[in-house]
Amino acid sequence: MGRMDGKRAIITGAARGIGAAAARRFVAEGARVMLVDMLEAPLAALAVELGADHAAYVVADVTDEAQTKSYVAQTVARFGGVDAVLLNAGIEGAVAPTTEYATEMFDRVMAVNVRGVWLGLKYAMQAMSAKGGSIVLTSSTAGIRAVPKLSAYVASKHAVIGLMRVAALEGAANDIRVNTVNPSPIDTDMMQ
């Protein structure tokens, strides 16, 4: 018997790295998962690997409100509800001093890493409000300290922790737990 038997989960950023590893673990523990990412080929391959009884996928941009609302709705339609969510999609942005950091890159990092998490919280919490559940946000050790030349990434991961704190307080009345994980650098494509 797995720790997630019968649970219905969403994982963003599921095509590779932490998201793909989490998807494999969730399924091994008995969950059915909706895999969400913009990278269709690796997403589809992972869904096939996990099996149609355990996984489905949606190609979506987490910064787009309509697409976020849709991936949550598709999860409810496919699995009958949402019990667990890992809001993991994120990008690192450029490595450059603050004085040389491109505004467009800063905005993109904040859109994916902060707006994407906020939208995921908004719609996942609505879907969970009747029965409760658990939401985990992927922050970083950069969310609790500073790293030179990563101003956008560091700011975004600090913001993720702030979003978690607010959502945890707001979700408590509906038995929705919200936490962050704050990994140190992990050997993924993003770190390469």
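This is a predicted model: local features need pLDDT of at least 70, side-chain atom pairs count only at pLDDT 80 or more; totals for chains, interfaces and linings use all residues.
Residues are numbered from 1 along each chain as its sequence is written, and side-chain values use heavy atoms, with hydrogens and water left out.

Let's begin on the inside. In soluble globular proteins, nonpolar side chains tend to be buried together. A nonpolar core here is a set of buried Ala, Val, Leu, Ile, Met, Phe, Trp, Tyr and Cys residues joined through side-chain atoms within 4.5 Å. Buried means under 20% relative accessible area, exposed means over 50%, and partly exposed is in between (1.4 Å probe, protein chains only). The largest nonpolar core has 32 residues, and the members that touch the most others are Tyr71, Leu121, Ile135 and Leu137. At least two residues of this core come from each of strand E2 (32-37), strand E3 (55-59), helix H3 (65-79), strand E4 (84-87), helix H4 (103-128), strand E5 (133-138), helix H5 (151-171) and strand E6 (176-181). H4 gives the largest share of this core, with nine residues. Those element names come from DSSP runs, numbered from the N terminus: helices are H or I with at least four residues, and strands are E with at least two.

Apart from this core lies another, of 20 residues, including Met4, Ile11, Ala14 and Ala47.

Now zoom in on Tyr71. Contact means heavy atoms within 4.5 Å. Leaving aside neighbours within four places in sequence, Tyr71 is in contact with Ile10, Thr12, Met34, Val36, Val58, Ala60, Val62, Leu87 and Gly120.

Next, the helices. Two packed helices are described by the angle between their axes and the distance between the axes. The axes are lines fitted to C-alpha atoms, for helices over the stretch in contact, and the angles run from 0 to 180 degrees between N-to-C directions. On the H4 side, the contact includes Phe106, Val109, Trp118 and Leu121, while the H5 side includes Tyr153, Ala159, Val160 and Leu163. By class, the residues of this contact split into 15 nonpolar, four polar and two charged. For those classes, Ala, Val, Leu, Ile, Met, Phe, Trp, Tyr, Cys and Pro count as nonpolar, Asp, Glu, Lys and Arg as charged, and the others, Gly among them, as polar.

H4 also packs with H3, at an angle of about 35 degrees and with the axes 9 Å apart. The contact of H3 with H4 has seven nonpolar, two polar and four charged residues.

The axes of helix H1 (residues 17-28) and helix H2 (residues 40-50) come within 11 Å and cross at roughly 20 degrees, which makes H1 roughly parallel to H2. The crossing of H1 and H2 is right-handed. Ala20, Ala23, Arg24 and Val27 of H1 meet Leu46, Glu49 and Leu50 of H2, a contact of five nonpolar, no polar and two charged residues.

Finally, a few single residues. Most residues other than glycine have a negative phi, and most peptide bonds are trans. Lys149, in the loop between E5 and H5, has a positive phi, near 70 degrees, and is partly exposed at 47% relative accessible area. Asp175, in the loop between H5 and E6, has a positive phi near 60 degrees and counts as exposed, at 51%. Gly2 sits in the segment before strand E1 (8-12) and is buried, at 19%.

Technical notes:
Angles under 35 degrees count as roughly parallel, over 145 as roughly antiparallel, 65 to 115 as roughly perpendicular and the rest as oblique. A crossing is left-handed if the near helix is turned anticlockwise from the far one by less than a right angle, and right-handed if clockwise.
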